[in-house]
Amino acid sequence: KGTVTNDSANAGSIGEYISSTVLIGASVPVTSGATSDVTSIALTAGDWDVHGTVWTSISGGTVLTALESGISITSATLPTRPGGGASVQWAATSSGGSNIGVAVGAVRLPLAGPTTVYLAANSSFTISSSAVYGFLGARRRR
C-alpha cells in the first residue's frame, strides 16, 4: 500500500524513499585511478529503483581526465559495464577550480534482504588532488 496524498510513504510501503547527500564541504578525497565510495544507503528487502549523481571537486593545478561512477552493492566497486544503466563515464580534460558532475542512470535492484547500496566513483587526474561528493536515492517500486 502506498500513499494517496503528497506526504511520504511509510517504511515498507510502495513509494518509500531513502536518500543520502554528501555536500561539497564534506567531499570524499580520492586517489587517482582508485574507486571510492561517495555515499551509501541501507535498503530493506523489496524492489527498488536506485539513482545517483556524482560531482568531483578539482583542486587548483589538478587536471582531471576521466570520471567514472556507478551504483553497486559492493563497497568501492564500480558495476560491470553497462551495469544495467547504473554506470556512467565522463572522459575529457578539465582543470583545477572547476566541478564536473555526472548523473548515474537508474537501476532496478530486487533485494531479498537488507542490503547496503553504494554510490562509487573513480577519477583519473594529475598534479594535485581531487574529491567527490553527490547524491544517492532509492524509491521502493513494490
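Q: Before anything else, what do buried, exposed and partly exposed mean here?
A: Buried means under 20% relative accessible area, exposed means over 50%, and partly exposed is in between. The model is a predicted one.

Q: Where does Trp-55 fall, then?
A: Trp-55 has a relative accessible area of 34%, which lies between 20% and 50%, so Trp-55 is partly exposed.

Q: Which ring does Trp-55 pair with?
A: Trp-55 pairs with Tyr-133, and their ring centres are 6.4 Å apart. The planes meet at 20°, which is under 30 degrees, so this pair is stacked.

Q: How many aromatic pairs are there by that rule?
A: The count is 1 aromatic pair.

Q: Is Tyr-133 buried or exposed?
A: Tyr-133 is buried, because its relative accessibility of 11% is under 20%.

Q: Changing topic. How many helices and strands does the chain have?
A: The chain has 0 helices and 9 strands. Read along the sequence, the pattern is β-β-β-β-β-β-β-β-β.

Q: What order do the strands take in the open sheet?
A: The open sheet has 4 strands in the order β3-β8-β5-β6, and the pairing is antiparallel. β3 (35-43) and β6 (87-95) are the edge strands, each pairing on one side only. From one strand to the next, the twist averages 15°.

Q: What holds paired strands together in general?
A: Strands of a sheet pair through backbone hydrogen bonds, either parallel or antiparallel.

Q: And how many bridges join β5 to β6?
A: There are 7 bridges between β5 (residues 63-72) and β6, and the two strands run antiparallel. As one example, Leu-67 has Trp-90 in β6 as its bridge partner.

Q: What about Ser-69, buried or exposed?
A: Ser-69 has a relative accessible area of 0%, so it is buried. Ser-69 lies in strand β5.

Q: Which residues is Ser-69 in contact with?
A: Leaving aside neighbours within four places in sequence, the contacts of Ser-69 include Val-54, Leu-78, Val-88, Val-102 and Ala-120. Ser-87 and Ala-121 are also among them.

Q: What is phi for Ala-76 and for Ile-127?
A: Ala-76 has a positive phi near 55°. Ile-127, which is not a glycine either, has a positive phi of about 85°.

Q: Where are they, in strands or in loops?
A: Ala-76 is in the loop between β5 and β6. Ile-127 is in the loop between β8 (115-126) and β9.

Q: How exposed are Ala-76 and Ile-127?
A: Ala-76 is partly exposed at 33% relative accessibility. Ile-127 is at 70%, which is over 50%, so Ile-127 counts as exposed.

Q: Now the whole chain. What is its radius of gyration?
A: The radius of gyration is 16 Å. A compact globule of 142 residues would have one near 14 Å, so the value agrees. The C-alpha trace spans about 55 × 30 × 20 Å along its principal axes.

Q: How much of the chain is buried?
A: Buried residues make up 42% of the 142 residues. The accessible surface is about 6,900 Å², and 53% of that belongs to carbon and sulfur atoms.

Conventions:
Residues numbered from 1 in each chain as written. Predicted model: local features only at pLDDT ≥ 70, side-chain atom pairs only at ≥ 80, totals over all residues. Heavy atoms only, no water. Pairing = 2+ DSSP bridges. Axes fitted to C-alpha atoms, helices over the stretch in contact; angles between N-to-C directions. Rg over C-alpha atoms; globule rule 2.2 N^0.38 Å. Buried < 20%, exposed > 50% of the residue type's maximum accessible area, 1.4 Å probe, protein only. Areas by Shrake-Rupley, 256 points an atom, 1.4 Å probe, with all protein chains shown as cover. Phe/Tyr/Trp six-rings, centres within 6.5 Å; stacked < 30°, edge-to-face > 60°. Contact = heavy atoms within 4.5 Å.
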